[in-house]
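Subject: Structure handover

Hello,

Here is the structure we talked about. Please open it first, then read the notes below.

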There are 2 protein chains.
Amino acid sequence: MNKDTLHTISQRTGYSVSTISRVLSGKGRQFRISERTIELITKEAEACNYIPDQIARGLKMKKTSTIGLTVPAIDNPFFANLASGLIAHLKKYGYNILLADTMEDERNEKDALMSFVARKVDGIVTVPVSSSPDLLERIAKSVPVVLIDRYFENTDLPYVCSDNYSGSFAATKYLIGKGYRRIHAIQGVLTSMPNKERVRGFLDAVASHADSGVTGTVSGNSFSLENGISETLRIMSGNDRPDAIFAFSTTILLGVISTLRRMSLSIPDDIAIISFDDNLFFDYMNPPITRVAQPVAEIGQLASDILLKMIDGSLERGEVCQMQIPPKLVHGESC
Amino acid sequence: MNKDTLHTISQRTGYSVSTISRVLSGKGRQFRISERTIELITKEAEACNYIPDQIARGLKMKKTSTIGLTVPAIDNPFFANLASGLIAHLKKYGYNILLADTMEDERNEKDALMSFVARKVDGIVTVPVSSSPDLLERIAKSVPVVLIDRYFENTDLPYVCSDNYSGSFAATKYLIGKGYRRIHAIQGVLTSMPNKERVRGFLDAVASHADSGVTGTVSGNSFSLENGISETLRIMSGNDRPDAIFAFSTTILLGVISTLRRMSLSIPDDIAIISFDDNLFFDYMNPPITRVAQPVAEIGQLASDILLKMIDGSLERGEVCQMQIPPKLVHGESC
DNA sequence: CGCACAATCGTTTGCGTCAACAATTGCAAA
DNA sequence: TTTGCAATTGTTGACGCAAACGATTGTGCG
């Protein structure tokens, strides 16, 4: 299979390589190759199962029909869903996906991005883990790049993410509206933009109800299960227990839940829970979790649309294109 | 960034393209290029941020350092975990991953595989969705291919999957040991090998206890939430309710759980639940789910090891290499 | 002083494809 | 008959890299 090249077909049919090339890339009519020849060549190509060598074609055309995608952890459902949407959407336009899992490691990220450049991908979609945009900005000069979920201040790199501020703000307002007064937020990586925005939204919402005695505290330092566990333990063993916990990620949430359960505290009777992110399982938990669901599909769709526009040139290279999509509050029974 | 080629560096340094090539691919010493020259060229390459064009290199070397991976649905945690393990493992050997999501569609699978071939991947790992091994067998003649999870009878295509029969058998035995007597299994896609094996294991286990009055029934036809819901409704509204349900996948399980909850039946008091597959969430459900956990990481590891051996030739092309890994019963509190 | 042979680097080709130029017909109009 | 032009197909480089094959020095030795 697939040992044939334009050359071998040329030999077998007697036509020149370029005629074969033209016919098989659908330009036969355009170059006025006779119907008879077209049919003959097409038949031969089908017979021997010819598949054009994309490597050779890529070298010549400087276009690989490949998009590089990096995510911090593909086994995180949020990123898996993102990848799923991106892959499906970009496939429609004939693109293949080179996927790299950076495992939240800056070095892996660098490796992956360099590899993408070396492989001449037509574009890059990335959920960056690095704290600096330097490398990405260098790369963006020669390849279209779109960031997702996490982004940087003071750069023009295009990005799409959910509006973490408003999502966090709305969730906190919701808790307050439900009557909760001592709310504690367990945050993730301090330096990441989404986390900063979530903290800001949380604190602003609390501040706007300060006169009704609402207090908000924040602690934690990682989007991990362990962080959820240790912070829950800490705050619940203090003498000023909160009456509601806001988990800034799914993993944190699981840590919170398992710890509360071990302490025999019931949700939402003893303490209310609300979380960021969404997951199929949330609706099947006991109780179902109220959460701020990020519009993953939409984010992926928008990001790829921007990328495609940058590739075909309909979006100026200099043009700043940064968008935040409002997340949705999904009601469970945990508050 | 990355506009330099061996040629431009050659012009700037005055050395020939081949000298540059040798130095930059680490063969300077081997070709007795002088230390001075090596250093000079290396410096220049670093200065201009030279990255070898992998497309051109691929064309010449007939090796792309790329592995193609197809999964039926990357947003399914089982496959996401699989991909995660594979990517991490293959990265160690310098391979990049072309990921295709076939969305359980045979045509997508064909597209993806053809694309892999055209892109001259060095190897293919696939969770096939097609019911016929024809295409894969054709491809396997020119590119190393390893199947995962699903496989075909009567082929020599190498595969790695969990031992569905023994897993299913053990789970059923466990239920019986716990005292359950009327067990119903909700199955997935009838034609898929894993499903067939699970059914066989289930029925064999039941049969081996037929004299103690154990009965086993099977129904359903898809690894989906809907199937879980409709089958649960059906069997629970009959006048011969089972006392235990065996869900053959996570999605089926969720359907079962939601339906039971809507019927206000409590687990495991009113009815016991056991499931195939594993998931982080299982431990945080209420109650935690007892399940047959497939050794995803191990499967991925083994599959890539086999693939690597096929690539470097240390595994004969003709040699049959098919392995089934025993899954583990993970105890929750749902039985 | 000439020659062998190491030490050091260069020339050229080809991987498979596409595309810019050419080339070859035939046939109608002048 | 010549000219012109449409209708067909061919030739010939790149693309950037690696490797096969050479080429040029210089040094030690007989």
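A residue counts as near a strand if one of its heavy atoms lies within 4 Å of that strand. Helices here are DSSP runs of at least four residues, numbered from the N terminus. Please keep in mind that this is a predicted model.

Start with chain A. It has three domains: domain 1 (3-59), domain 2 (60-162 + 296-326) and domain 3 (164-294). The C-alpha centres of domain 1 and domain 3 of chain A are 62 Å apart.

Which parts of DNA strand C lie within 4 Å of the protein, sugar or phosphate, or bases? Sugar or phosphate accounts for 68% of those atoms, and bases make up the rest.

- B:Thr19: an N or O atom in its side chain is 2.6 Å from a phosphate oxygen of DNA strand C.
- A:Asp53: a polar backbone atom is 3.2 Å from a phosphate oxygen of DNA strand C.
- B:Lys60: an N or O atom in its side chain is 3.1 Å from a base nitrogen of DNA strand C.

Both chains supply elements with two or more residues near DNA strand C: α2 (17-24) and α4 (54-61) of chain A, and α2 (17-24) and α4 (54-61) of chain B. The largest share, four residues, comes from α4(A).

Best wishes

Conventions. Residues numbered from 1 in each chain as written. Chains lettered and ligands numbered in written order. Predicted model: local features only at pLDDT ≥ 70, side-chain atom pairs only at ≥ 80, totals over all residues. Heavy atoms only, no water. Domains from an automatic or database assignment. Polar contact = N/O pair within 3.5 Å; in protein donor to acceptor, adjacent residues only side chain to side chain.
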